[in-house]
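Reader: Could you walk me through this model, starting with what sits inside and then moving on to the charged side chains?

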Amino acid sequence: MSAPQNKSFPVSWDQFHRDSRALAWRLNAEGPFDAIVCITRGGLVPAAIIARELGIRVIESVSVASYDNKDQGELKVLKPIAADILALDASADTKVLIIDDLVDTGKTGRAVQAMLPNAHFATVYAKPLARDLVNSFVTEVSQDTWIYFPWDMDVSYAPPIRDGVGD
């Protein structure tokens, strides 16, 4: 079970694209990278943006589930990393990049890092409990903040603050 999420941080498509490109700028100095492993589902969008910006053509995914809505539970690897990508990580001549949207408690990140111990781990957003786990990130948010990613939201009416919503 994760900590109560008392604050919200809604992220628009434009903001997420800008933040993902900012991460690509940081990663450019760390490369070149031979492959990206994105942690699905949240890592798919930033991985596509970063792959384009850095000219990376090999993109793999690892599917790890630990959240059911807002509740963190048991970690399950639903799709492992392909053997050829594991071999790239083991080689001294190549560099693998792990991408995710967010590092929260670090549970998922630790599991993927165990699979790719030599990879560079980067996330767009990081929370304090696992900030030190990632090699690169763009924005830190407090542990009690729930990030609403653009793929999780729909445009709808928001009542004025004066009406007592959000108290």
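**Inside and charged pairs**

Author: Happy to! Ile99 is in contact (heavy atoms within 4.5 Å) with Leu27, Ile36, Val37, Cys38, Ile39, Gly43, Pro46, Ala47, Ile50 and Ala122, leaving aside its neighbours within four places in sequence. This is a predicted model, where local features need pLDDT of at least 70 and side-chain atom pairs count only at pLDDT 80 or more, while totals for chains, interfaces and linings use all residues. Residues are numbered from 1 along each chain as its sequence is written, and side-chain values use heavy atoms, with hydrogens and water left out.

Reader: How far from Asp19 is the nearest side chain of opposite charge?

Author: Asp19 is found in helix α1, and its contacts beyond four places in sequence are Val124, Tyr125 and Val138. Lys and Arg count as positive and Asp and Glu as negative; His and the chain ends are not counted. A salt bridge needs a side-chain nitrogen of Lys or Arg within 4 Å of a carboxyl oxygen of Asp or Glu. Asp19 is buried yet has no salt bridge, and Arg18, the nearest side chain of opposite charge, lies at 5.9 Å.

Reader: How many residues apart in sequence are the parts that Lys7 and Asp144 tie together?

Author: The two form a salt bridge, with their closest N and O atoms 3.4 Å apart. Lys7 lies in strand β1 (residues 7-10) and Asp144 in the loop between β7 (136-140) and β8, so the parts tied together are separated in sequence by 137 residues.

Reader: Why does Glu60 count as buried?

Author: Glu60 pairs with Lys79 in a salt bridge, the closest N and O atoms being 3.0 Å apart. Lys79 counts as partly exposed because its relative accessibility is 30%. Glu60 is buried because its relative accessible area is 12%.

Notes. Helices (H or I, at least four residues) and strands (E, at least two) are DSSP runs, numbered from the N terminus. Buried means under 20% relative accessible area, exposed over 50%, partly exposed in between (1.4 Å probe, protein chains only).
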